[in-house]
Amino acid sequence: MERIQKILARAGIASRREAERMMLEGRVLVNGKVADQLGFKADPLKDHIKVDGKILFRPEPKITLLLNKPKGYLSTVKDPAGRPTVMDLLKGVKWRVYPLGRLDFDAEGLLLMTNDGDLAYRLSHPKFSIHRTYWAKVEGIPEKKELMRLKKGVMIEDGEARVISAHILRQMEKHSWVEAVVTEGRNHLVKRIFSAIGHPVLKLKRVGFGPIRLGNLPVGRMRSLTDEEVEKLKQISSESGEKIL
Ligand code: URA
């Protein structure tokens with residue numbers, strides 16, 4: 001936070017003294033309110049400042065997008081090897097958004113992208129154990145007791161891992177689709193736990209992240225989250241919101 005006359009002077013609007021006069025004349029608005037006291041402070045990165053009706057600073061709006069990531073795209077900003085990344089799918093998006101978490105190159109489905117660094121940081125913190133829902137096409141048909149093992153916990157290279165729930169969605173002769181919910185973002189977690197019970201993953205799709213659902217958004221398309229969805233995400237990443245998963 002800085003004194004407004006200092007912000008205006010640095011932006012080249014007027015000298016500091018002249019900026020004070022403009023303030024006293026009621027010509028400066030901060031977030032819609034007249035800033036006519038010389039002690040007023042503002043944050044040029046967060047506050048909306050207008051001088052003589054003209055916008056001086058407009059903070060970048062926070063946006064969060066939901067992308068249905070196709071297979072064959074990395075969920076990073078850049079790839080040194082030159083493979084396609086999710087950034088290639090964001091044509092027309094004015095703001096610089098970043099992927100929130102990772103989805104494997106060969107996986108598809110729900111990937112959140114945001115320019116809200118604070119929200120991204122909080123949602124990726126392990127203490128919130130956000131539910132991530134996956135549909136996995138696996139080799140063979142896991143038996144009930146194998147799915148129970150996943151619930152109790154299996155050992156993988158970097159420690160124990162478990163699912164909150166797992167059930168068969170569809171079964172064919174040689175493979176099946178299983179819905180599994182995990183609460184961590186460890187690398188290749190779903191693939192590794194299914195390998196641990198002898199049913200390697202053939203295809204993987206994320207369909208849910210906390211309260212957000214992929215729904216019927218076509219592959220490769222994106223949409224903005226609704227205000228209600230953003231609110232729910234904020235709630236689950238606040239200290240008191242851990243139960244609303
Ligand atoms: N688990 C995986 O194995 N891969 C992903 O992309 C996400 C979860």
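Colleague: Which residue forms a salt bridge with Lys 205?

Modeller: Let's start with the idea: side chains of opposite charge can pair when their charged atoms come close. A salt bridge here is a Lys or Arg side-chain nitrogen within 4 Å of a carboxyl oxygen of Asp or Glu. In this predicted model, Lys 205 pairs with Glu 108, and their closest N and O atoms are 3.9 Å apart. Lys 205 sits in strand E15 (residues 201-209) and Glu 108 in strand E9 (residues 108-114), so the bridge ties together parts 97 residues apart in sequence. Strands (E, at least two residues) and helices (H or I, at least four) are DSSP runs, numbered from the N terminus.

Colleague: Is Glu 108 buried or exposed?

Modeller: Buried means under 20% relative accessible area, exposed means over 50%, and partly exposed is in between (1.4 Å probe, protein chains only). Glu 108 is buried at 15%, while Lys 205 is partly exposed at 22%.

Colleague: How many salt bridges does a search of the whole structure find?

Modeller: It finds 18. One of them joins Asp 52 to Arg 27, with the closest N and O atoms 2.8 Å apart.

Colleague: What should I know about the numbering and the values?

Modeller: Residues are numbered from 1 along each chain as its sequence is written, and side-chain values use heavy atoms, leaving out hydrogens and water. Local features need pLDDT of at least 70 and side-chain atom pairs count only at pLDDT 80 or more, whereas totals for chains, interfaces and linings use all residues.
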